[in-house]
Amino acid sequence: MAKVRVLRHISRIDQERRNQHGWWVRIQRQGEKIHRFFSDKAHGGKGMALDEAKRHRDALLLLYPKPEYGNMFNRASSRNTSGRAGVHRTISRKRGRVYEVWQAGWVLPDGKHVNRKFHFSPDGTSERDAKRKAIRARAEGLAMIEKMRRAKKTKRTTVKQAGKKPTHRMATKKRR
């Protein structure tokens, strides 16, 4: 089930044993966790507490906007053994067979996840070559994303500079 966007970063807390009922607002930016609890009792009921939690969440999102890029997939992890973000060694299963692979992954601006796998085996491609291919694929994928961002940014500035006046006759007519 998809998360309801209206309650993004807001969770409902109902703990009978502690007599705690309210809404919890949580966001995390650059490793910093920001949270606050909005009690039903202190804010005049469940609905009013939710309204206050939404206002607080919206204010936090203005203060701490989500980064356009540079998300968790582009940062090095302590668990990463390849030395490169987005590239890791894993096992792939296909048609009952198990393969060892180096996998490169990235996320496109529209949210689609892209993965490329490079197989290696003792009698075929070496592990070093597979790793090198995965690193190259990740670099090419990130370059493609950057190219898409630049094109989007250029398109926005071109529209702004054009003066935003409609050029088509139908756009200038009033609707009846």
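I began with contact range. In the protein chain, residues 24 or more positions apart make up 37% of the contacts with a separation of 6 or more. I noted that I am working from a predicted model.

**Overall layout.** I listed the elements next. The protein chain has six strands and three helices. Read from the N terminus, the order is β-β-β-α-β-β-β-α-α. I then looked up burial. Of the chain's 176 residues, 22% count as buried.

**The hairpin.** I moved to strand 2 (residues 20-29) and strand 3 (residues 32-39). How many bridges join them? I found eight, and the two strands run antiparallel. They form a hairpin, with two residues between the strands. Gln30 sits in the turn and has a positive phi of about 50 degrees. I also looked up one bridge pair. Trp24 has Phe37 in strand 3 as its bridge partner.

**Around Ser11.** I placed Ser11 in strand 1, which covers residues 10-15. Which residues does Ser11 touch, leaving out those up to four places away in sequence? I wrote down Gly22, Trp23, Trp24 and Arg26. With Arg26 there is also a polar contact: the side chains of Ser11 and Arg26 are joined at 2.7 Å.

**Charges and rings.** I stayed with Arg26. Its charged end sits over the ring of Trp24, 4.3 Å from the ring's centre. I found another case at Arg12. The charged end of Arg12 sits over the ring of Trp23, and the distance to the centre is 4.9 Å. Then I looked for rings paired with rings. A pair of aromatic rings is described by the distance of the centres and the angle of the planes. Here I had no pair to describe, as the count of aromatic pairs is zero.

**The cores.** I turned to the nonpolar residues. In soluble globular proteins, nonpolar side chains tend to be buried together. The largest nonpolar core in this model has 13 residues. Which of them touch the most other members? My list is Val87, Trp102, Ala104, Trp106 and Ala134. Strand 5 (97-107), strand 6 (113-120) and helix 2 (127-161) each supply at least two residues of this core. Helix 2 gives the most, with five residues.

I followed Val87 further. Not counting residues up to four places away in sequence, Val87 touches Asn80, Ser82, Trp102, Gln103, Ala104, Ala134, Ile135 and Arg138. Trp102, Ala104 and Ala134 were already on my core list.

Key: Residues are numbered from 1 along each chain as its sequence is written. This is a predicted model: local features need pLDDT of at least 70, side-chain atom pairs count only at pLDDT 80 or more; totals for chains, interfaces and linings use all residues. Side-chain values use heavy atoms; hydrogens and water are left out. Helices (H or I, at least four residues) and strands (E, at least two) are DSSP runs, numbered from the N terminus. A polar contact is a pair of N or O atoms within 3.5 Å; within protein, one must be able to donate a hydrogen and the other to accept it, and residues adjacent in sequence count only if both atoms are side-chain atoms. Contact means heavy atoms within 4.5 Å. Rings of Phe, Tyr and Trp (its six-membered ring) pair if their centres lie within 6.5 Å; planes under 30 degrees apart count as stacked, over 60 as edge-to-face and the rest as tilted. A charge sits over a ring if NZ of Lys or CZ of Arg is within 6 Å of the ring centre and within 35 degrees of the ring normal. Two strands pair if DSSP finds at least two bridges between them. A nonpolar core is a set of buried Ala, Val, Leu, Ile, Met, Phe, Trp, Tyr and Cys residues joined through side-chain atoms within 4.5 Å. Buried means under 20% relative accessible area, exposed over 50%, partly exposed in between (1.4 Å probe, protein chains only).
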